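This report concerns the strand and helix arrangement of the structure shown below.

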Amino acid sequence: MIQVGIFSGYFPYALEESARRIKAQGFNTVQLDLAFKDIDFSTPEAITREKCHRVRDTFRRHDLPISCVSAYTNIVHPDAGERERRNDYLKATLRHARDCGTPYVISETGTVNPDSDWSSHPDNKSERAYADCVKVVRELAQEAHDHGAVFLVETYVNNIIGSVEETLRLFADVNHPGLGLLMDPTNYFETHNIDRMDQVLNQMFDALGDKVRIAHAKDVKRAAGDDKSEKFADIDASEAHQFRGVGEIELPAPGLGALNYDLYLKRLAQHHPNIPIIIEHLDESDVPRAKRFLDDKLLEAGA
């Protein structure tokens, strides 16, 4: 059966309090964010075997196995120094993934846009940008493999790897055991294809289903009004957890949009009947509603 988890970053407390609150909501796994009020993980050097074991063992004592680790960043940042700084941190996370109790570390592929990790840029679809992305992903996959980990790419429409076709191309060009896929179907939709939801969902699983290792649960819908800017929630969390969409697409919590969850969970369960699915894009007060929505959908799906 599919296991339901949540990002630990939506619980901005000290380690023990975060684990206690997550378990009290009825979850049985987490996607780990290296962010606790009582532990410094702010630099590559600050990620140590001892700290990771403390986190791993605390979540285990609360019966909350860590299924994967967040390392979201712009891996192709156009400023060379900033790119090196970001990827050094990601590589440190990959080296310590097993110390956290899981092989899986996740990031999106990023954008050439120097001002935002979330907005597109015309050069994102150039062959030069794609070749640059392939080079970086290959390095990250090798770093992961060398340390018993797997780097999971999360496709996102405004990034260099932003569609089913681009994801397939990446996996063909970086055919490496250190590379896998995070499935988040909401990240594949924009105005030109959101009205073909079922067709695109089936295309995702037909083409990419065998590459998926972890799944996410949020939602997608057309944005209301004329505000096409980036949207962020005012919560105590990383920018990745505050992000709620850009342009004409909003990305709310599960159950608050138009994603066909019946079809999504049916196809996910066919390929991966025991996979963790991780709830996101909410604040702590909305967790009970979102979890109830997902639990009900899983019951209906028999998953």
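In strand β6, L179, L181 and M183 point one way, G180 and L182 point the other way, and all are buried (buried means under 20% relative accessible area, exposed over 50%, partly exposed in between, with a 1.4 Å probe and protein chains only). Strand β6 covers residues 179–183, and because 5 of its 5 residues are buried, β6 is largely enclosed by the rest of the structure. Helices (H or I, at least four residues) and strands (E, at least two) are DSSP runs numbered from the N terminus.

The model is predicted: local features need pLDDT of at least 70, side-chain atom pairs count only at pLDDT 80 or more, and totals for chains, interfaces and linings use all residues. Residues are numbered from 1 along each chain as its sequence is written, and side-chain values use heavy atoms, with hydrogens and water left out.

**The barrel**

A closed barrel of 8 strands runs in the order β1-β2-β3-β4-β5-β6-β7-β12, with parallel pairing; two strands pair if DSSP finds at least two bridges between them. Direction ignored, neighbouring strands of this sheet are turned by 30 degrees against each other on average, where axes are lines fitted to C-alpha atoms, for helices over the stretch in contact, and angles run from 0 to 180 degrees between N-to-C directions.

| Strand pair | Sense | Bridges | Facing residues |
|---|---|---|---|
| β5 (residues 150–154) and β6 | parallel | 4 bridges | L152 and G180 |
| β1 and β12 | parallel | 4 bridges | G5 and I278 |

Strand β6 pairs with β5 over 4 bridges, and the chain passes from β5 through helix α5 (residues 164–173) to β6 in a right-handed β-α-β crossover. A crossover is right-handed if, with the strands pointing away from the viewer, the path from the first strand over the helix to the second runs clockwise.

Helix α9 (residues 287–301) has 15 residues and reaches 21 Å from its first C-alpha to its last, close to the 21 Å expected at 1.5 Å a residue; the expected span is 1.5 Å times one less than the number of residues. Its buried residues are V287, A290, K291, L294, K297 and L298. Seen down the axis of α9, these buried residues fall within an arc of 130 degrees, so they line one face of the helix; the arc is that of the directions from the helix axis to the C-beta atoms. The face turned away from the buried side carries the exposed residues L299 and E300. The cover over the buried residues of α9 includes β1 (3–7), β7, α8 (261–271) and β12 (276–279), contact meaning heavy atoms within 4.5 Å. Just after α9, G302 takes a positive phi of about 65 degrees.

Helix α3 (residues 80–95) has 16 residues that should span 22 Å at 1.5 Å a residue, and its end C-alpha atoms are 22 Å apart, which agrees. In α3, the buried residues are E82, R83, R86, N87, L90, A92, T93 and L94, and their cover includes β3 (66–70), β4 (104–107), α4 (127–146) and β5.

Strand β9 is joined to β10 (residues 243–246) by 2 bridges in the antiparallel sense, and F232 has F243 in β10 as its bridge partner.
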